[in-house]
Amino acid sequence: KSVTVNGTTYSDVKWMVGDIDYFLGHGDTSILTQHHVLMCPDRCLGNNYVNPTDTAEGAYKGSYMYTTMIPLVNAGIQAAFGAAHVVSHREAMSKLINATMACASGNGWMGSTYWWSGEWADVLSNLFTENMVYGANIFSSSPQDVCNGCRQVAAFRHDSSLYIGGTKRETWWLRAVAASTGFADVDGAGAGFASCASASNVFGVRPYFLLA
């Protein structure tokens, strides 16, 4: 199925069923009770930076990626699949960092999200957490980078080549703060390993969404 994001049409995109009922029972003010499948494209829907400068200020929820790019992805996915079938659900995301607090990744880097700084929001599509891809925290600065995206997506557990992108081998952003200047990513262009980069790097945007 083709999808148009921010004026660019990506033709004949293969859409992968990543998991079933991943967010069932999740939420704060509204608990998701609707059965659903978690979907994602087999390739990136364009490329962009998380922030135009090398900063993680505002964490993921305050980033350019979430505030500007993700709404464009939402519109494209709703147009492609039908707004009635794209499930709105509640997710908790990081919104505040301390640039002088040690990152929990253990690399000696500075910059971490506050554990108590998360904020719930209505979500149509989003970037993956590290746990959703790898099943573990690697560069995540604190548990707040994970929140309720805490379980590995079944498809990635079954076949790790699906997150590398197979023969496409794209590098794409994740939503975990890795330091005060950058975020985590999946390095599919290289050897297919967990990585991180400065926020102004232009990498792939590979979202997931829930379909019912």
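Is Cys196 buried, exposed or partly exposed? At 23% relative accessibility, Cys196 counts as partly exposed, where buried means under 20% relative accessible area, exposed over 50% and partly exposed in between, with a 1.4 Å probe and protein chains only. A few notes follow.

1. Ground rules. This is a predicted model, in which local features need pLDDT of at least 70 and side-chain atom pairs count only at pLDDT 80 or more, while totals for chains, interfaces and linings use all residues. Residues are numbered from 1 along each chain as its sequence is written, and side-chain values use heavy atoms, with hydrogens and water left out.

2. Cysteines. The structure holds 0 disulfides, a disulfide being a pair of cysteine sulfur atoms within 2.5 Å. Cys196 is in no disulfide, and its nearest cysteine sulfur, that of Cys103, is 8.3 Å away. For Cys40 the closest cysteine sulfur belongs to Cys44, and at 10 Å this is too far for a bond. Cys40 has 0% relative accessibility and so counts as buried.

3. The open sheet. Here you will find 4 strands in the order E3-E4-E15-E10, with antiparallel pairing. Strand E3 (15-20) and strand E10 (125-126) stand at the edges with a single partner strand each, so one side of each is left without a neighbour in the sheet. Helices (H or I, at least four residues) and strands (E, at least two) are DSSP runs, numbered from the N terminus, and two strands pair if DSSP finds at least two bridges between them.

4. E10 pairs with strand E15 (residues 208-211) in the antiparallel sense, over 2 bridges. If you look along this pairing, Ser125 stands opposite Phe209 in E15.

5. Asn98. This residue lies in strand E7 (residues 97-102). Its side chain makes a polar contact with the side chain of Tyr114 at 3.0 Å; the term covers a pair of N or O atoms within 3.5 Å, where within protein one must be able to donate a hydrogen and the other to accept it, and residues adjacent in sequence count only if both atoms are side-chain atoms. Leaving aside neighbours within four places in sequence, Asn98 is in contact (heavy atoms within 4.5 Å) with Gly111, Ser112 and Tyr114.

6. Backbone angles worth a look. Most residues other than glycine have a negative phi. Ala59, not a glycine, has a positive phi of about 55 degrees. Ala59 sits in the loop between strand E5 (47-48) and helix H1 (64-81), and counts as buried because its relative accessibility is 0%. Cys147 also has a positive phi, of about 50 degrees, and lies in the loop between helix H2 (130-134) and helix H3 (154-158).
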